[in-house]
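This report covers the salt bridges, the helices, the nonpolar core and the surface of one protein model. The sequence and structure are shown first.

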Amino acid sequence: MYIDADTIIKLASLLSAIVALGGLVFTCYKQVIINKQQVEINRRQNEELTIICYGLRGALEGLIEHGCDGPCKDALNLLDKHLNKSAHKPDSFNNSKGD
């Protein structure tokens, strides 16, 4: 078999195409892994924020019971509205569960 410059150029272009395709597949795979990690991080942060909101709600109720009116009642009403809206809103993070 005779190997000339044209054969070397064709083999080099084939090798370049294979390497480029492999790099594309690897990059897509990395993005999927990173996306799954981000979904898990967001899910944990949402759980943490929910706990913080309920703790704040309890603190505001305690202040109101001790006679702190005005801004405490307004803040409690706004927080209750927010929690009610967010409880009934479809949430992609809760439905996907990192799948």
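## Salt bridges around Glu40

In this predicted model, Arg44 and Glu40 are joined by a side-chain salt bridge, with an N to O distance of 3.9 Å. The two residues are four apart in helix α1, so about one helical turn separates them. Arg44 has a relative accessibility of 44% and counts as partly exposed.

Glu40 also forms a salt bridge with Arg43, where the closest N and O atoms are 2.4 Å apart. Here the spacing is three residues, again about one turn of helix α1, in which both residues lie. Arg43 is partly exposed at 24% relative accessible area, and Glu40 is partly exposed at 27%. Glu40, Arg43 and Arg44 belong to a salt-bridge network that also includes Glu47.

The structure holds six salt bridges. One of them joins the side chains of Asp6 and Lys10, at 3.6 Å from N to O. Asp6 and Lys10 are four residues apart in helix α1, and therefore about one helical turn lies between them. How accessible are the two partners, Asp6 and Lys10? Asp6 has a relative accessible area of 42% and is partly exposed. Lys10, at 53%, counts as exposed, because the cut-off for that class is over 50%.

## Overall fold

The secondary structure consists of three helices and zero strands. Along the sequence, the pattern reads α-α-α.

Helix α1 covers residues 5-65. This helix has 61 residues, and the distance from its first C-alpha to its last is 89 Å. That span is close to the 90 Å expected at 1.5 Å a residue. After α1 comes Gly67, which has a positive phi, near 100 degrees.

## Nonpolar core

The largest nonpolar core has seven residues: Cys53, Leu60, Ile64, Cys72, Leu76, Leu79 and Leu83. Two elements, α1 and α2 (71-88), each give two or more residues to this core. The most come from α2, which supplies four. In soluble globular proteins, nonpolar side chains tend to be buried together.

The buried residues of α1 are Val39, Cys53, Leu60 and Ile64. Of these, Cys53, Leu60 and Ile64 are listed in the core. Which residues does Ile64 touch, leaving aside those up to four places away in sequence? The contacts of Ile64 are with Asp69, Cys72, Lys73 and Leu76. Cys72 and Leu76 are also members of the core.

## Surface

The protein has 99 residues, and 8% of them count as buried. Its accessible surface comes to about 8300 Å², with 63% of that area belonging to carbon and sulfur atoms.

Leu11, Leu14 and Ile18 make a nonpolar surface patch of about 310 Å². Leu14 is a residue of helix α1, the helix that also holds Asp6 and Lys10. To be part of such a patch, a residue needs over 30% relative accessible area and no salt bridge.

How values were computed. Residues are numbered from 1 along each chain as its sequence is written. This is a predicted model: local features need pLDDT of at least 70, side-chain atom pairs count only at pLDDT 80 or more; totals for chains, interfaces and linings use all residues. Side-chain values use heavy atoms; hydrogens and water are left out. Patches are made of residues with over 30% relative accessible area and no salt bridge: like charges are joined within 9 Å, nonpolar side chains (Val, Leu, Ile, Met, Phe, Trp, Tyr) within 5 Å. Accessible areas come from the Shrake-Rupley method with a 1.4 Å probe; for residues, only the protein chains shown count as cover. A salt bridge is a side-chain nitrogen of Lys or Arg within 4 Å of a carboxyl oxygen of Asp or Glu. A nonpolar core is a set of buried Ala, Val, Leu, Ile, Met, Phe, Trp, Tyr and Cys residues joined through side-chain atoms within 4.5 Å. Buried means under 20% relative accessible area, exposed over 50%, partly exposed in between (1.4 Å probe, protein chains only). Contact means heavy atoms within 4.5 Å. The expected span of a helix is 1.5 Å times one less than its number of residues.
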